[in-house]
Amino acid sequence: MNIPADIRALEAQLIAWRRDFHRHPELGLQEHRTAGIVAETLRALGYEVYAGMARTGVVGLLHNGAGPTLLLRADMDALPIQEENAVEYASEQAGLMHACGHDGHVAILLGVATILVQRRERWQGTLLLVFQPGEEGLNGAELMIREGLLERFKPDRALALHLWNDLPVGVADATPGPVMAAAESWEATIIGKGGHAAQPAETVDPVVAAALAVLALQTIVSRNVPPTETAVVTVGMIRAGEAFNVIPDQALLRGTIRTYRPQVRETALRRLDEIIQGVAATLGARAVIEQYPLTPALVNDAATARLVQQSITAVLGNNGLNIGLQVMGSEDFAFFLREVPGCFVFVGSGRPEGPLLAHHNSHFDIDERALTIGAAIMAEAVQQLLPRHGG
């Protein structure tokens with residue numbers, strides 16, 4: 001690894017920030033303490049600070065001569081999970097935990113903010129640091145855009161990173177094209193006619209219709225999506241009835257659809273509606289279906305990804321660059337990349353020893369060496385994307 005000395009010198013501070021945020025997790029759109037620390041730190045560094053966007057979002061602006069504006073984003077929110085790690089920096093908030101690495105993201109971006117003030121002679125343009133609330137299902141990025149973030153500050157490119165335990169520490173990924181999926185949730189109520197369980201002929205059984213619908217939905221991916229494309233259709237919840245000897249009037253299904261490409265998304269949504277409606281009608285029931293778009297696919301700009309790949313190899317060497325990672329989870333940084341070309345980077349944070357500590361798990365934790373690696377990659381990327389004139 002080639003971690004510059006100035007970032008090495010920040011290692012203790014990066015860890016201290018990360019552990020402090022980890023001890024004090026806050027849910028989406030409620031990140032008041034975190035936002036306060038961020039705003040105070042940025043002001044002390046000389047940034048123009050704009051607080052309160054999307055309730056708890058913080059924006060830091062630093063001008064350094066004529067040039068483009070580069071947006072760097074970190075998400076701040078935690079999850080409603082009870083931490084089960086026996087570490088001295090464990091969450092002090094019952095039922096809340098940083099189980100996805102956002103504490104590390106905030107620490108890294110504060111570190112980058114610090115380093116780039118010290119490295120003014122190496123870059124030129126404007127830094128737009130966005131500390132975003134509500135990434136975990138609340139679409140805080142979309143809220144900030146709706147409140148005029150992009151119109152007001154007009155970034156030319158955008159960067160974000162995600163600490164990623166599926167990659168070992170010392171490896172990072174910047175893949176061009178789609179890397180995280182568009183996400184939709186859906187809900188289907190199948191309405192039949194209830195009655196006694198011993199007299200099914202007198203009923204229209206919504207439970208049987210729901211069961212058949214679950215099986216039939218599996219044909220969307222296997223028979224309607226081209227084999228060269230990717231999609232996930234999941235039924236995550238079935239709810240029907242209150243008694244073992246009563247056929248209920250209704251059955252409720254809820255689930256999600258994940259896709260990369262708009263055409264596949266449209267096919268999956270259309271077929272979901274057709275299949276559930278068709279199964280229900282075949283059995284004499286009817287269905288009411290609602291579909292809720294959550295986030296678009298996250299698509300990295302190819303030119304920006306190439307420059308970030310150079311930043312990764314500058315820090316980690318050729319063996320530290322991974323290309324090709326695609327994840328069917330979703331990420332609301334996609335809203336920024338839908339409007340501004342940019343790149344979303346996965347920075348390996350998995351510990352080489354012991355079991356994989358999965359994201360969104362009560363035992364989640366990171367290898368904290370990833371903090372200095374992430375800061376080094378991001379600072380190098382800024383210098384790639386905002387070069388000094390003539391250099």
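**Entry 1: cavities**

For my own record, a cavity is a set of points, on a 1 Å grid over the protein atoms alone, where a 1.4 Å probe fits but cannot get out, and lining residues have an atom within 4 Å of a point. A volume is the space filled by probe spheres set on the points, with grid points joined across faces, edges and corners.

I note that this is a predicted model, in which local features need pLDDT of at least 70 and side-chain atom pairs count only at pLDDT 80 or more, while totals for chains, interfaces and linings use all residues. Residues are numbered from 1 along each chain as its sequence is written, and side-chain values use heavy atoms, with hydrogens and water left out.

The largest cavity has a volume of about 50 Å³, and I listed its lining as L72, R73, A74, H105, I108, L109, L161 and M378. Two or more of these residues come from each of β3 (69-75) and α4; helices (H or I, at least four residues) and strands (E, at least two) are DSSP runs, numbered from the N terminus. I sorted this lining into six nonpolar, one polar and one charged residues, taking Ala, Val, Leu, Ile, Met, Phe, Trp, Tyr, Cys and Pro as nonpolar, Asp, Glu, Lys and Arg as charged, and the others, Gly among them, as polar.

For the second largest cavity I also have a volume of about 50 Å³, and here the lining is L159, A160, L161, V308, V345, I377, M378 and A381. Strand β5 and helix α12 each supply at least two residues of that lining, which divides into eight nonpolar, no polar and no charged residues.

**Entry 2: helices α4 and α12**

I then looked at how α4 (residues 102-118) packs with α12, and the angle is about 45° with the axes 9 Å apart. Axes are lines fitted to C-alpha atoms, for helices over the stretch in contact, and angles run from 0 to 180 degrees between N-to-C directions. That angle makes α4 oblique to α12, given that under 35 degrees counts as roughly parallel, over 145 as roughly antiparallel, 65 to 115 as roughly perpendicular and the rest as oblique.

**Entry 3: pockets**

Next I turned to open space, where a pocket is an open set with protein on both sides within 12 Å along at least five of seven lines. The largest pocket has a volume of about 440 Å³ and is lined by 19 residues, with E135, E136, R258, S330 and H360 nearest its centre. Strands β5 (157-168) and β13 (286-295) are the elements that give two or more residues to this lining, which I counted as five nonpolar, nine polar and five charged residues.

The second largest pocket holds about 230 Å³, and of its 19 lining residues A182, R265, T295, P296 and A297 lie nearest the centre.

**Entry 4: two positive phi values**

H360, in the loop between β16 (342-350) and α12 (369-385), has a phi near 60°, positive in a residue other than glycine. I found H360 partly exposed, with a relative accessible area of 42%, where buried means under 20% relative accessible area, exposed over 50% and partly exposed in between (1.4 Å probe, protein chains only).

N139 likewise is not a glycine and has a positive phi of about 55°; N139 sits in the loop between β4 (125-132) and α5 (140-146) and counts as buried at 12% relative accessibility.
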